[in-house]
Amino acid sequence: QLERVFTNLVKNAVEAAAQSLSGHAQVCIHTTIGETGGAKITIEDSGPGLGNDPIQILHSVRTTKSHGSGLGLVISRKIIEAHDGLLSASASHQLGGAKFEITLPGQEGNI
């Protein structure tokens with residue numbers, strides 16, 4: 001299920017970056033592993049962004065795509081939460097588009 005989440009978020013980022021107003025498409029994926037083995041994965045793009053209420057996009061069924069159902073982000077959030085994690089959405093200050101952060105807990109002693 002986690003693979004489904006990452007596939008969805010990266011695919012969304014690539015599609016959004018292709019719509020970049022600057023004509024320069026960029027996607028940045030950054031990972032950090034904490035001392036207890038927890039992970040933070042950030043996916044940012046240079047696309048048009050998420051609008052005025054980026055948090056709402058994780059809680060409502062809507063899409064800006066002609067071929068999408070709007071379920072991908074809602075399902076992704078539920079999968080992450082089922083793993084005791086957190087999925088958040090915001091504006092990417094680095095690339096100007098969207099930024100999604102996944103935080104997953106770790107266990108003592110795991111790297």
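In this predicted model, Ser 46 is in contact with Ala 17, Ser 20, His 24, Ala 25, Gln 26, Leu 95 and Gly 97, leaving aside its neighbours within four places in sequence. Ser 46 lies in a loop. That loop runs between strand S2 (39–45) and helix H2 (72–82). The relative accessible area of Ser 46 is 8%. The cut-off for a buried residue is under 20%, so Ser 46 counts as buried.

Two of the contacting residues also meet the side chain of Ser 46 through backbone atoms. The backbone nitrogen of Gln 26 is reached at 2.8 Å. The backbone oxygen of His 24 is reached at 3.3 Å.

Leu 95 and Gly 97 are also among the contacts of Ser 46. Gly 96 sits in the turn of the hairpin formed by S3 and S4. Gly 96 has a positive phi of about 90°. Six residues separate the two strands of this hairpin. Strand S3 covers residues 86–91, and strand S4 covers residues 98–104. Their pairing is antiparallel and extends over six bridges. Within it, Ser 88 stands opposite Glu 101 in S4.

The protein chain as a whole contains two helices and four strands. Their order along the sequence is α-β-β-α-β-β. Of the 111 residues, 37% are buried. Among contacts with a separation of 6 or more, 56% join residues 24 or more positions apart. The chain exposes about 6900 Å². Carbon and sulfur atoms supply 52% of that area.

Definitions and conventions: Residues are numbered from 1 along each chain as its sequence is written. This is a predicted model: local features need pLDDT of at least 70, side-chain atom pairs count only at pLDDT 80 or more; totals for chains, interfaces and linings use all residues. Side-chain values use heavy atoms; hydrogens and water are left out. Two strands pair if DSSP finds at least two bridges between them. Buried means under 20% relative accessible area, exposed over 50%, partly exposed in between (1.4 Å probe, protein chains only). Contact means heavy atoms within 4.5 Å. Accessible areas come from the Shrake-Rupley method with a 1.4 Å probe; for residues, only the protein chains shown count as cover. A polar contact is a pair of N or O atoms within 3.5 Å; within protein, one must be able to donate a hydrogen and the other to accept it, and residues adjacent in sequence count only if both atoms are side-chain atoms.
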